[in-house]
Structure formats: structure tokens, C-alpha cells
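Dear colleague,

Please find below the structure that I am handing over to you, followed by an account of what was found in it.

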Amino acid sequence: LYRKASAKVLPTVLLIGPSGAGKTTLLTLFANGTPSATHTSQEPQTALCQLPSTTSSHEDRYRSEHDTSSRSQPKFLLVDTPGHGKLRHHALSSLTSPTALKGLVFVVDSAAVSSAAGLTETAEYLHDVLLLLQKRHTQSKTSRDPQAIPVLIAANKQDVFTSLPASLVKSKLEQEIAKARQTRSKGLLDSGIGMEDDGGDDEESNWLGQYGAKEFKFAQMEEHGVEVKVIGGNVRGEGEEKGRVEEWWAWIGENL
Ligand code: GTP
Ligand code: MG
């Protein structure tokens, strides 16, 4: 009862990822039930969404099977951000602004990451996003309510025949993030940034995941309060076929 009364602010789920990954198409599908045609986004966009009746929500876990009272599916705000390299400040600032952020969906074009350039671009953006979440968690550790934010990596466009399966998207991103982490920390050393004892902004706090580790695994984010899951799907289907997004809905339902 108390929870219900205090839950006035709608939970927010953020869509982030490189340009062309399918964020805006996903927003139209989640908000309207069907995907619409899109243009490259230049500004963030917010839509009110409701969990479909076929998806169970976090609160359903506490309901008894014999509870026949009507079930109202939770509503949330879905925020789409532009993926273009010059417009990413929108996405990064919404990560640090205080909202009821319940989760972050990082949308990946599973066909684009099969090319070296596409993989690097995606991994570098993801590295920066995860590092921000890690810092957000570190800074809030002392407060009573450390902010743990789960991340869904949506390996989109599984309908495209050149796309990589979700398991491969995961391992390729982990390998590439390890490289990005290495080059970023070297860059810091070379430029002298982080060498002074300015507390907090040292080399260690700019290192993603397990400090000093050679390999990067998404599981390393857990001790920094970030649980990462990689799930495949597609917003658009071939021809008459519908998209495949049920598992993404399920993830949102679990985290609302
Ligand atoms: P920015 O706004 O530039 O950041 O890109 P975005 O991530 O919002 O991409 P958008 O939703 O505009 O989609 C880019 C293109 O990918 C569009 O032509 C979509 O129709 C297409 N697309 C999105 N999802 C899928 C999918 O699952 N399968 C296929 N085949 N195409 C998709
Ligand atoms: Mg867009």
C-alpha cells in the first residue's frame, strides 16, 4: 500500500545505442503496437508505454494464483535518444540526471557489428555508457540508496541474414570493449590526465570493470552495480512476419 501511494513518478527506461540500430523503430513498436518508418533522430523523444498483458511484471511475483482482482499492467516512460556521434550528449546527460531510471536498453544492429568498423563504434559507445553507470554507482555507494541500473543489450535485427547471433554479439563486444579500455587508459597516461592526486578521477576510477584485468566480461560489471544481459530479437520482421520482442518486454517487466 505504501509503495503504491509513493509511486507517483513514472519509471523510466532509456534507449541508447549507435545510429541506425533501431531505437526509434523500437519506441514506435512499444508505444503503438506496430513499428513505424523513422528518420535519423536529432533529439530525444519520450513515449508513454504500458507492459502488454501477456508480459508479467515484477509485482506479479507477489500475487497469489487465486487473486482474481483485475490486474493493471504497469506504465512507464520510454526515452529514445539520438545515436549520432555528435548528439550523444543527450543520451549521456540523461544517464546522470536524477530520474526514476529503472533500466537501460542498449540497442545493437547485429549485422553492423560483423564489420570491424561497426563493432568498434558500438563497443566504444557501450564502454562509455557502462563507465558512466559504474561511476554513478561508485558515487552513490555512500548514500542510503546506491543506484543499481540494469542494462539490456538488445541484439536487434536478428531477421537480417548477415546478423550475428546474440551469443556472438556478446563475446565480440566483450573482446572489443577490452581493447577500448586498454587504449583509453593508455591515452590517459600519455596525456597526464589522472596522474595527479585529485581523488576520484584517477586511473582506477576510469577503468571499466575489474581493475587491471586483461579480459573484459560483462559479468565484471556486477560488482559495480550493473547487471548486463544480452538478448536477441528484431523490431521488424521479414515480409508479413511480425517482429520478435517478447523477451525484451519480459526484461522490462522484471525491472519495472
Ligand atoms: P538514430 O536515430 O540515428 O540514432 O537511429 P535509430 O537507432 O533510431 O534507428 P531507427 O529506429 O531509425 O532504424 C534504422 C533503420 O533500421 C530503419 O530503416 C529501420 O526500419 C531499420 N530496422 C530497425 N529494426 C530493425 C529490425 O529488427 N530488422 C530490420 N531488418 N530492420 C530494422
Ligand atoms: Mg532514432
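**Findings**

Tyr-125 is buried, with a relative accessible area of 3%; here buried means under 20% relative accessible area, exposed means over 50% and partly exposed lies in between, with a 1.4 Å probe and protein chains only. Please note that this is a predicted model, in which local features need pLDDT of at least 70 and side-chain atom pairs count only at pLDDT 80 or more, while totals for chains, interfaces and linings use all residues. Residues are numbered from 1 along each chain as its sequence is written, chains are lettered from A and ligands numbered from 1 in the order in which they are written, and side-chain values use heavy atoms, with hydrogens and water left out.

**Overall fold**

The protein chain holds six helices and six strands. These are DSSP runs numbered from the N terminus, helices being H or I of at least four residues and strands being E of at least two. Read from the N terminus, the order of the elements is α-β-α-β-β-α-β-α-β-α-β-α. The chain has 256 residues, of which 44% count as buried.

**Aromatic rings**

Five aromatic pairs were counted. Rings of Phe, Tyr and Trp (its six-membered ring) pair if their centres lie within 6.5 Å; planes under 30 degrees apart count as stacked, over 60 as edge-to-face and the rest as tilted. One of the pairs is formed by Phe-106 and Tyr-125: the ring centres are 5.7 Å apart and the planes stand at 65 degrees, so the pair is edge-to-face. This pair links distant parts of the chain, with Phe-106 in strand E4 (residues 101-109) and Tyr-125 in helix H4, 19 residues apart. Phe-106 counts as buried, at 0% relative accessibility.

The rings of Phe-216 and Phe-218 also form an edge-to-face pair, because their centres are 5.6 Å apart and their planes are at 90 degrees. Both Phe-216 and Phe-218 are buried.

**Salt bridges**

Side chains of opposite charge can pair when their charged atoms come close. Seven salt bridges were found in the whole structure, a salt bridge being a side-chain nitrogen of Lys or Arg within 4 Å of a carboxyl oxygen of Asp or Glu.

Arg-88 takes part in one of them, with Glu-121 as its partner and the closest N and O atoms 2.6 Å apart. Glu-121 lies in helix H4 (residues 116-140) and Arg-88 in the loop between strand E3 (75-80) and helix H3 (89-96), so the pair ties together parts that are 33 residues apart in sequence. Arg-88 is buried, with a relative accessible area of 13%, whereas Glu-121 is partly exposed at 38%.

Lys-217 forms a salt bridge with Glu-174, the closest N and O atoms being 3.9 Å apart. Here too, distant parts of the chain are linked: Lys-217 is in the loop between helix H5 (166-191) and strand E6 (228-232), and Glu-174 is in helix H5, 43 residues apart. Lys-217 counts as partly exposed at 39% relative accessibility, and Glu-174 as buried at 7%. Lys-217 also meets the side chain of Glu-215 in a salt bridge (3.6 Å, N to O). Elsewhere, Glu-124, Asp-128 and Arg-184 are joined into one network by salt bridges that share partners.

**A backbone feature**

Lys-157 is not a glycine, yet it has a positive phi of about 65 degrees. Lys-157 is found in the loop between strand E5 (151-156) and H5, and counts as partly exposed at 25% relative accessibility.

**Ligand 1**

Ligand 1 is surrounded by 20 residues, the closest being Ser-19, Lys-23, Thr-25, Thr-38 and Gly-83; a residue is near a molecule if one of its heavy atoms lies within 4 Å of it. Helix H2 (residues 23-32) gives the largest share of this shell, three residues.

Oxygen atoms of ligand 1 lie 2.5 Å from a side-chain N or O atom of Thr-25 and 2.8 Å from one of Arg-236. A backbone N or O atom of Gly-22 is 2.9 Å from an oxygen atom of ligand 1.

Yours sincerely

Conventions:
Polar contact = N/O pair within 3.5 Å; in protein donor to acceptor, adjacent residues only side chain to side chain.
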